[in-house]
Amino acid sequence: MGVPDELAARMSMAEQHEYLRARFSRRTMIRGGAVTLGAVAGGAFVTGATAQAVPGTVTGTGTAARTESVDGAFVAPFGRHLAYGNDPRTEITVSWQVPVAVQKPFIRIGAHPWDLSRKIEAEVRTLHTPAGVGASGDHTQYYLHAALTHLRPGRTYYYGVGHQGFDPAEAHLLGTLGTFTTAPAHKEPFTFTAFGDQGVSYHALANDSLILGQNPAFHLHAGDIAYADPAGQGKTSDTVFDARTWDQFLAQTESVAKSVPWMVSYGNHDMEAWYSPNGYGGEEARWNLPDNGPDKANLPGVYSFVHGNTAIISLDPNDVSFEIPANLGISGGTQTTWLEAQLKKFRASKDIDFVVVFFHHCAYCTSTAHASEGGVRQEWVPLFDTYQVDLVINGHNHQYERTDVIKGGQVTKKLPIGGTAYPETEGVVYVTAGAAGRSLYSFTAPDSYEGHENEVESVASFVNLKGGKQNETVTWSRVRYLNYSFLRVDVTPAPKGHHTTLTVQGIAETGDRIDHFTVARRAK
């Protein structure tokens with residue numbers, strides 16, 4: 001991506017961003033800007049101030065862009081994906097993409113497919129990648145967002161996205177309609193799914209097909225989303241970076257994400273230095289996530305939301321990673337401070353039973369590729385113990401691995417397949433679910449999973465520390481499966497004083513179950 005290797009090795013993400021901007025701003029070939037942000041306009045579903053986005057406005061280069069558009073009748077939206085707002089009961093964002101600039105993009109929404117009279121203007125975010133920044137030629141991407149508010153809890157809505165010349169309310173386009181369902185107002189049973197490290201592949205598509213069949217309320221993607229930057233070191237010297245990979249990814253994911261909120265956290269492959277000092281400018285163009293994370297942390301992938309009796313927290317481990325330090329310390333400690341405040345708040349809430357945390361780098365994994373991240377263990381694991389987190393979901397390592405129950409870095413209870421963990425008294429279970437679609441890694445120990453158990457007393461591995469890798473021999477590796485898979489989690493509330501449960505299953509690409517266990521605690 002344009003920075004010499006010897007420089008990139010010594011530069012932070014912000015320094016590499018400044019280097020690229022200084023270099024490419026002098027080139028006459030730049031035709032577009034980095035990220036153009038506007039605000040969603042009007043209607044009963046939208047609150048707050050509104051502003052019209054200006055497609056093609058240049059950010060950070062001082063060069064005017066040329067906006068071209070074609071007859072909208074010849075352009076179909078694609079890559080629809082949903083995300084919850086700060087309150088999943090009443091807020092959701094519908095996002096999509098168009099291949100060229102269009103006029104007056106909008107969303108139609110209603111309680112029935114034949115009643116889509118409510119028409120809301122969409123926000124335009126234009127993302128430009130000049131030739132020379134990676135492998136592709138000069139490329140401009142157009143992302144559209146409509147943030148909907150004042151929705152009713154537990155209600156299914158129909159929607160269609162369009163623009164001038166393409167109206168989804170017209171009879172011949174009714175097949176393009178989608179649906180979404182807001183979170184319930186009260187505690188109800190529900191299912192969610194999760195994985196990390198998907199990218200674009202046949203296996204990724206197969207996992208998406210299986211996930212859709214689980215009928216999840218939402219899906220968690222624990223970092224490394226599309227792999228437009230396949231190197232994953234947060235370095236601008238990666239010449240195979242290709243922004244067009246995101247077009248493929250969003251088209252692939254649409255089968256699920258058009259109806260299921262696809263909640264992402266950011267991994268090392270999601271740091272793209274051209275777009276912003278923190279590397280996340282591209283993601284901010286493509287996603288519209290809850291904005292309730294830590295103030296001034298510069299980490300848009302850090303947020304929380306509540307669905308029913310379960311609180312979900314998304315973290316950014318690039319901020320604490322010793323292994324891949326491009327963004328190490330970027331929040332100045334504010335992310336960890338925010339995390340503790342969130343955990344304390346959720347544990348004190350009478351409406352929340354479970355707390356699930358998901359992020360990319362693994363606290364505990366025995367993969368021969370990345371293994372465990374010492375920065376996560378140092379900064380966050382003590383908080384997980386203190387506030388009795390019920391489940392931690394990671395990616396980064398491309399395989400499935402599940403621990404025993406851990407507290408204070410030690411196994412407090414062996415958790416066999418089919419077993420039950422009680423986090424109030426025992427500790428935390430960690431699951432690596434990073435086999436969503438990219439090429440697989442390996443273990444030093446044999447696979448051991450449901451129907452093919454092969455227990456060993458200990459596993460040789462390592463942990464990434466500030467001074468480098470440190471070998472360790474661990475006893476907490478309970479389930480290992482080296483093939484494509486994802487997580488299904490079923491949440492079952494219970495009356496006060498009775499045990500409410502998270503039933504966690506590892507599901508292989510074949511549809512076979514490779515693991516299952518239960519997390520139980522007394523309902524509030």
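Does Asp242 count as buried or exposed, and at what relative accessibility? At 15% relative accessibility, Asp242 counts as buried, a label that applies under 20% relative accessible area, with exposed meaning over 50% and partly exposed in between (1.4 Å probe, protein chains only). The residue sits in the loop that runs between strand S10 (218-222) and helix H4 (245-257). Leaving aside residues up to four places away in sequence, Asp242 touches Ser136 and Ala228, where a contact means heavy atoms within 4.5 Å.

The model is predicted, with local features needing pLDDT of at least 70, side-chain atom pairs counted only at pLDDT 80 or more, and totals for chains, interfaces and linings using all residues. Residues are numbered from 1 along each chain as its sequence is written, and side-chain values use heavy atoms, with hydrogens and water left out.

Turning to the whole chain, 8 helices and 27 strands are found; these are DSSP runs numbered from the N terminus (helices H or I, at least four residues; strands E, at least two). Of its 524 residues, 60% count as buried. Among contacts with a separation of 6 or more, 73% come from residues 24 or more positions apart. The accessible surface is about 18,900 Å², and carbon and sulfur atoms hold 50% of it, as given by the Shrake-Rupley method with a 1.4 Å probe.

S22 (residues 459-465) and S23 run antiparallel over 7 bridges, and Val463 has Gln470 in S23 as its bridge partner.

Notes
Pairing = 2+ DSSP bridges.
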